[in-house]
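Visitor: I'm new to this one. Could you walk me through how to read it, feature by feature?

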Amino acid sequence: MTRNTVEKTPVTLLGLGTMGTALARTWLAAGHPLTVWNRTPVRAAALAAKGARVADTVTEAVAANTLIIVCLLDDTSVEEVLAGADLAGRDLVNLTTSTPAQARARAQWARERGARYLDGGIMAVPPMIGIPEAGGYAFYSGSPQLFERHRTTLSVPAGTTYVGEDAGFAALHDVALLSAMYGMFAGAAHAFALIRKEDIDPAALAPLLADWLVAMAPAVHRTADQLRSGDYTKGVVSNLAMQVAGTPTFLSTAEQQGVSPELLSPYFELMRRRLAENSGGEDLTGVIDLLVH
């Protein structure tokens, strides 16, 4: 073992699904001593060939190192897998996808077992892991001291962004960004549906659509500024009344093209409700208040 390897923080990784395996490979490639465990041991064979130590049990894996990374199917899996493990004195970093409430409860669960806790939300797909230019990163929340202690190690697979001491904030940021992503996918699906029956090459529309979405993206900064100030008329480019007046064109076009409006109609209905209740001179930001119970 080289001096460089000895100086790298040893890592225990629980869970070798597609993401877990990608994480494991990057830590091994960077010279971190790695202990792995997976319900299906065969998945660890390729990692063992690259130098990973394969633990037979979770108890053995947890006992091997102070830094324990968990990347499992869901929050229930985390509780099941760690139920019999001695977590006292361990640094538990949970990269399992969960809700903010689950993350907060899991942080308390860990503290009751004597562990320090960080929650994480990975903003990347497995092929992006270990490739800095791919732009993948992970949100982390929980103990700031624990984050600083392991920042270098956690940065090996993907970039790191610390979002606060509240353990639920990583999961909240993760779901918030992914929710916006699905909204974008919904809009793109509607756009492609509109041309589906026409003599228009989807490959020709794609770059136009991508460029348009990029051009519109900075609008989120105006929305954030309006939310912070409480002034929804600040910096308005196209006011709510004008946009609501234009919605029948979108719905009529969909009908004429034989396309269901179900991806657009809920948002348009919120716009109409907001207009009925407030000034038409404001931006679309007021729709957000209608969504919050």
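Guide: Let's go through cores, salt bridges and pockets in turn. One thing to keep in mind: this is a predicted model.

Visitor: Let's start inside. Which residues touch the most other members of the largest nonpolar core?

Guide: The idea is to look for buried nonpolar residues joined through their side chains. Here the largest such core has 29 residues, and Leu 13, Leu 23 and Ile 69 touch the most other members.

Visitor: Which elements give two or more residues to this core?

Guide: There are strands and helices on the list: β1 (11-14), α2 (18-29), β2 (34-37), β4 (67-70), β6 (116-123), β7 (137-142) and α7 (144-154). The largest share, 6 residues, comes from α2.

Visitor: Can we zoom in on a single residue? What does Ile 69 touch?

Guide: Leaving aside residues up to four places away in sequence, Ile 69 touches Val 11, Thr 12, Leu 13 and Leu 14, along with Trp 27, Val 93, Leu 95 and Leu 154. Apart from this core lies another one, of 21 residues, and Trp 37, Ala 55, Ala 85 and Ala 115 are among them.

Visitor: On to charges. How many salt bridges does the count come to?

Guide: For these, you look for a side-chain nitrogen of Lys or Arg within 4 Å of a carboxyl oxygen of Asp or Glu. The count comes to 13 salt bridges. One of them pairs the side chains of Glu 80 and Arg 39, at 3.4 Å from N to O.

Visitor: Where do Glu 80 and Arg 39 lie?

Guide: Glu 80 is in helix α5 (residues 75-82), while Arg 39 is in the loop between β2 and α3 (45-49), so this pair ties together parts that are 41 residues apart in sequence.

Visitor: What about Glu 112 and Arg 113: how far apart are the closest N and O atoms?

Guide: Those atoms are 3.8 Å apart, and the two residues form a salt bridge. Glu 112 is exposed, with a relative accessible area of 57%, whereas Arg 113 counts as partly exposed at 35%.

Visitor: Now the pockets. What is the volume of the largest pocket?

Guide: When you read a pocket, take its volume and then its lining. The largest pocket has a volume of about 2000 Å³. It is lined by 41 residues, and Leu 213, Met 216, Gln 243, Tyr 267 and Leu 284 lie nearest its centre.

Visitor: Which element gives the most to that lining?

Guide: That's α8, with 9 residues. By class, the lining of the largest pocket has 28 nonpolar, 11 polar and 2 charged residues.

Visitor: And which residues are closest to the centre of the second largest pocket?

Guide: Gly 17, Met 19, Cys 71, Leu 72 and Leu 73 are, out of the 25 residues that line it. The elements giving two or more residues to that lining are α2, β6 and α8. The volume of the second largest pocket is about 440 Å³, and its lining has 12 nonpolar, 10 polar and 3 charged residues.

Definitions and conventions:
Residues are numbered from 1 along each chain as its sequence is written. This is a predicted model: local features need pLDDT of at least 70, side-chain atom pairs count only at pLDDT 80 or more; totals for chains, interfaces and linings use all residues. Side-chain values use heavy atoms; hydrogens and water are left out. A nonpolar core is a set of buried Ala, Val, Leu, Ile, Met, Phe, Trp, Tyr and Cys residues joined through side-chain atoms within 4.5 Å. Buried means under 20% relative accessible area, exposed over 50%, partly exposed in between (1.4 Å probe, protein chains only). Helices (H or I, at least four residues) and strands (E, at least two) are DSSP runs, numbered from the N terminus. Contact means heavy atoms within 4.5 Å. On a 1 Å grid over the protein atoms alone, a cavity is a set of points where a 1.4 Å probe fits but cannot get out, and a pocket is an open set with protein on both sides within 12 Å along at least five of seven lines; lining residues have an atom within 4 Å of a point. Grid points are joined across faces, edges and corners, and a volume is the space filled by probe spheres set on the points. Ala, Val, Leu, Ile, Met, Phe, Trp, Tyr, Cys and Pro count as nonpolar, Asp, Glu, Lys and Arg as charged, and the others, Gly among them, as polar.
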